[in-house]
Amino acid sequence: MKNIILAAILSITPCFASSPEVLKSYLVIQVALAADSMKGVPAAAAKIAKGTKVEKLKAAAEILAKDNDLEAARIHFKAVSKPMVEWAVTTKPKGIDRATCPMTEEGHWLQKKGPIRNPYYGSTMLECGLVQQ
């Protein structure tokens, strides 16, 4: 039974089996977008695309890596966040919160534990969101 559960978890988490940098790169993007910045976003997204085996995450990260516009990046961050949040629900990484913004459809993200830092609205609504259990 343990082997079946482990296999199920690993089937959901290949993005992290292939690269420990995926979560780190994701958090670089989340912090930048919350700060109304594109600094490091394309490079971090490219690292995610290169470091994952999850096709949905890879495709979304490749699109985000090409963004130069903050609003477009925020839209594409949702597609990157979806598989990342799915992974976090299963693995519950230490020091990481799952957050959601009720003001935006599918506005879920991961962030380091601490005050809410909304990547979808940045300084306009920086603290808008809830930590999910």
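Q: Where is Glu106 found?
A: Glu106 sits in the loop between β1 (96-100) and β2. Keep in mind that this is a predicted model.

Q: Which residues is Glu106 in contact with, leaving aside its neighbours within four places in sequence?
A: Lys78 and Tyr120. Contact here means heavy atoms within 4.5 Å. Glu106 and Lys78 are 28 residues apart in sequence, yet their C-alpha atoms are 6.9 Å apart in space.

Q: What makes us say that the charged end of Lys78 sits over the ring of Tyr120?
A: The charged end of Lys78 is 5.7 Å from the centre of that ring, and the cut-off is 6 Å, along with a limit of 35 degrees from the ring normal.

Q: How many aromatic pairs does the structure hold?
A: Three.

Q: Why is the pair of Tyr26 and Phe77 called stacked?
A: Their planes are 25° apart, and planes under 30 degrees apart count as stacked. The ring centres are 5.0 Å apart, and rings pair if their centres lie within 6.5 Å, so these two count as a stacked pair.

Q: What parts of the chain does that pair of Tyr26 and Phe77 link?
A: Distant ones: Tyr26 is in helix α3 (residues 21-34) and Phe77 is in helix α6 (residues 70-91), 51 residues apart. Tyr26 is buried, and Phe77 is too.

Q: Why is the pair of Trp109 and Tyr120 called edge-to-face?
A: Look at the planes: they are at 75°, and anything over 60 counts as edge-to-face. The centres of the two rings are 5.8 Å apart, within the 6.5 Å needed for a pair. This pair also links distant parts of the chain, with Trp109 in strand β2 (residues 108-112) and Tyr120 in the loop between β2 and β3 (130-132), eleven residues apart.

Q: How do you know whether Trp109 is buried or exposed?
A: Check its relative accessibility, which is 0%. Buried means under 20%, so Trp109 counts as buried.

Q: And what about Tyr120, buried or exposed?
A: Tyr120 has 6% relative accessibility, so it counts as buried too.

Q: Which residues form one aromatic cluster?
A: Tyr26, Phe77, Trp109 and Tyr120.

Q: What makes Ser25 buried?
A: Its relative accessible area is 4%, and the limit for buried is under 20%. Ser25 is found in helix α3. Not counting residues up to four places away in sequence, Ser25 touches Ala44, Lys47 and Ile48.

Q: Why are α4 and α5 described as roughly antiparallel?
A: Helix α4 (residues 41-51) and helix α5 (residues 55-65) pack at an angle of about 160°. Angles over 145 count as roughly antiparallel, so that is the label for α4 and α5. Their axes are 8 Å apart, and the crossing is left-handed.

Q: Which residues make the contact of α4 and α5?
A: On the α4 side, they include Val41, Pro42 and Ala45. On the α5 side, Leu57, Lys58 and Ala61 are among them.

Q: Why does the pair α5 and α6 get the label roughly antiparallel?
A: The axes of α5 and α6 cross at roughly 155°, and the cut-off is over 145, so α5 and α6 are roughly antiparallel to each other. Their axes come within 9 Å, and α5 passes α6 in a left-handed crossing. Among the residues making the contact are Leu57 and Leu64 of α5, with Phe77 and Val80 of α6.

Q: How do you know whether Val80 is buried or exposed?
A: Val80 has a relative accessible area of 0%, and buried means under 20%, so Val80 is buried. Val80 lies in helix α6. Not counting residues up to four places away in sequence, Val80 touches Tyr26, Ile48, Leu57, Ala60, Ala61 and Leu64.

Q: What does the secondary structure of the protein chain come to?
A: Six helices and three strands. Along the sequence, the pattern reads α-α-α-α-α-α-β-β-β.

How values were computed: Residues numbered from 1 in each chain as written. Predicted model: local features only at pLDDT ≥ 70, side-chain atom pairs only at ≥ 80, totals over all residues. Heavy atoms only, no water. Phe/Tyr/Trp six-rings, centres within 6.5 Å; stacked < 30°, edge-to-face > 60°. Helix = DSSP H or I, 4+ residues; strand = E, 2+ residues; numbered from the N terminus. Buried < 20%, exposed > 50% of the residue type's maximum accessible area, 1.4 Å probe, protein only. Axes fitted to C-alpha atoms, helices over the stretch in contact; angles between N-to-C directions. Parallel < 35°, antiparallel > 145°, perpendicular 65-115°, else oblique. Left-handed = near helix turned anticlockwise from the far one by under 90°.
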